[in-house]
Amino acid sequence: MSANLSNGLYLVTIVTFILALRFLSSPRRARLGNQLGAAGMLLAIVVTLAQDEIEGYLWIAIAMAIGAVVGAIGARRVKMTAMPQMVALFNGVGGGAVALIALAEFHNLAPESGRLELNLSVAMIVSAIIGSISFAGSLIAFAKLQELIGGRPIVYPGQKVVNALVIAAALGLAAVILAGTESQWLLVGVIVAALAFGVFFVLPIGGADMPVVISLLNACTGLAASAAGFALHQNVLIVSGALVGASGTLLTLLMGKAMNRSITNVLFGAFGQIQSGTGAALADGRTARATTADDVAIMLSYARRVVIVPGYGLAVAQAQHDVRQLADLLEEKGVDVRYAIHPVAGRMPGHMNVLLAEANVPYDRLFEMEEINAELPQTDVAVVIGANDVVNSAARNDPTSPIYGMPIIDVDKAANVVVIKRSLSPGFAGIDNPLFYEAKTAMLYGDAKQALEQLLTAVKSL
């Protein structure tokens, strides 16, 4: 294939990636965006394999077959609740692949060319360091989300000093390489130190901050891929990596703003440690008030407006279809039903949007936090399903709370609040929620799916 033709086709690929990001910004066109991105990637692979210098097609085909099988199984069998873990894992694999590409390219070029060009060496080192950090950090994020290790911050004395020494070792070895000692074992040392830093970097971050960490590591993988593109002289890799890096960075900043916390506080604040609390009653003697499905059904059926706040518990119970059926039933009775979406609800960005889209909830029924908060004082019933931290009134009322200042969905301003939850245990952030003990709050204990099925039966009988 000629250089002009391949460059032209790569340009088409770049355009499809840009359009894919554009379409993914809207739920109505997200499917088309995914299809465009996949088509662009397929085109890039075909064009790359058509290059004259490509060899070893058998091994490439075997690797692609393995990857295709793993990807297909992951896409079809992984539950919605495990989607954040899969995203973290796949993102880590991307970072690890970039680091291996940097090592392989260094191995191929350094012995033959004598002294590598400075820009080439820098590109390889940057992609190796950032890719390794993203790989190791994503694995730790996966382990926390999968609860293979505790979700709370893992801290120890002198941790920041250790982190500084590890990253200094990686940068020191990189400096030796740039100074002219182009040994691949030095690059291996850089990668090992970066891997260690990735582990130490994510361990002290609490599970409640994993959505921010995932988006940040995703940005890192994009930057690493872009740097690898400079090393490989691949424009399509440079642009696609830059797109991922820029979008991931923007998403990280937006999520930090949604939590009213700086990114440095998320990364170095060791947020998410379990707070004291009995989980049954507050210090002033108030207790949580339990209710039944029949009582809630009456409350919902005679309401004018109902706002549903989905959370991770809804995803765990796979109850998104049940909540859609309940909303349809209430709308038949003339009730105005809306959904309130918090930017960091769930375990990854957009988790609740994807969950409700799977149940074909109309897009115009989904309202972001800023939009719905203005409507809650005129709402008869707010139904919280499996959410905790994003409706925790301590964020607004308790200056001593670790989440004080974080924007929340103001469900406590509704006339009545119904919380569907298994128990009074703290949320993923490990913080008790005073909302559960408010006089206007009724607790419907149980699995979200079972509770919603009971509600459906009760509403139908009215």
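**Briefing: salt bridges, helix packing and surface features**

At 58% relative accessibility, Arg422 counts as exposed. The structure described here is a predicted model. Arg422 meets Asp447 in a salt bridge, with an N to O distance of 3.0 Å, and the model holds 14 salt bridges by the rule applied.

**Salt bridges**

- Arg422, its partner, counts as exposed because its relative accessibility is 58% and the exposed class begins over 50%.
- One network, joined by salt bridges that share partners, takes in Arg305, Asp336, Arg338, Asp364, Arg365 and Glu375.
- Within this network, the side chains of Asp364 and Arg365 meet at 3.9 Å, N to O; Asp364 is partly exposed at 48% relative accessibility.
- A further salt bridge is formed by Asp322 and Lys449, whose closest N and O atoms are 2.8 Å apart.
- The pair of Asp322 and Lys449 links distant parts of the chain, 127 residues apart: Asp322 belongs to helix H13 (residues 320-332) and Lys449 to helix H17 (residues 448-460).
- Asp322 counts as buried, with 6% relative accessibility, whereas Lys449 is partly exposed, with a relative accessible area of 29%.

**Packing of helices H1 and H9**

- Two packed helices are described by the distance between their axes and by the angle between those axes.
- For helix H1 (residues 3-24) and helix H9 (residues 235-258), the axes come within 9 Å and cross at roughly 10°.
- H1 and H9 are therefore roughly parallel to each other, because angles under 35 degrees fall in that class.
- On the H1 side, the contact is made by Tyr10, Thr13, Ile14, Phe17, Ile18 and Leu21; on the H9 side, by Asn235, Val236, Val239, Ser240 and Leu243.

**Nonpolar surface patch**

- Leu58, Trp59, Ile62, Ile66, Val70 and Phe90 make a nonpolar surface patch of about 650 Å².
- Helix H3 (residues 57-77) gives the most to this patch, with five residues.
- Ile66, a member of the patch, is placed in helix H3 and counts as exposed at 52% relative accessibility.

**Positive phi in loops**

- Most residues other than glycine have a negative phi.
- His233 has a phi near 60°, a positive value in a residue other than glycine; His233 is found in the loop between helix H8 (210-232) and H9.
- The relative accessible area of His233 is 64%, so His233 is exposed.
- Asn360 also has a positive phi, near 60°, and is placed in the loop between helix H14 (351-358) and strand E3 (366-368).
- Asn360 counts as exposed, at 57% relative accessibility.

- Ala168, in helix H6 (residues 159-178), is partly exposed at 43% relative accessibility.
- The C-alpha atoms of Ala168 and Arg305 are separated by 57 Å, the two residues being 137 residues apart along the chain.
- Arg305 is one of the members of the salt-bridge network.

Note on methods
Residues numbered from 1 in each chain as written. Predicted model: local features only at pLDDT ≥ 70, side-chain atom pairs only at ≥ 80, totals over all residues. Heavy atoms only, no water. Patch = residues over 30% accessible without salt bridge, like charges linked within 9 Å, V, L, I, M, F, W, Y side chains within 5 Å. Areas by Shrake-Rupley, 256 points an atom, 1.4 Å probe, with all protein chains shown as cover. Salt bridge = Lys/Arg side-chain N within 4 Å of Asp/Glu carboxyl O. Helix = DSSP H or I, 4+ residues; strand = E, 2+ residues; numbered from the N terminus. Buried < 20%, exposed > 50% of the residue type's maximum accessible area, 1.4 Å probe, protein only. Axes fitted to C-alpha atoms, helices over the stretch in contact; angles between N-to-C directions. Parallel < 35°, antiparallel > 145°, perpendicular 65-115°, else oblique. Contact = heavy atoms within 4.5 Å.
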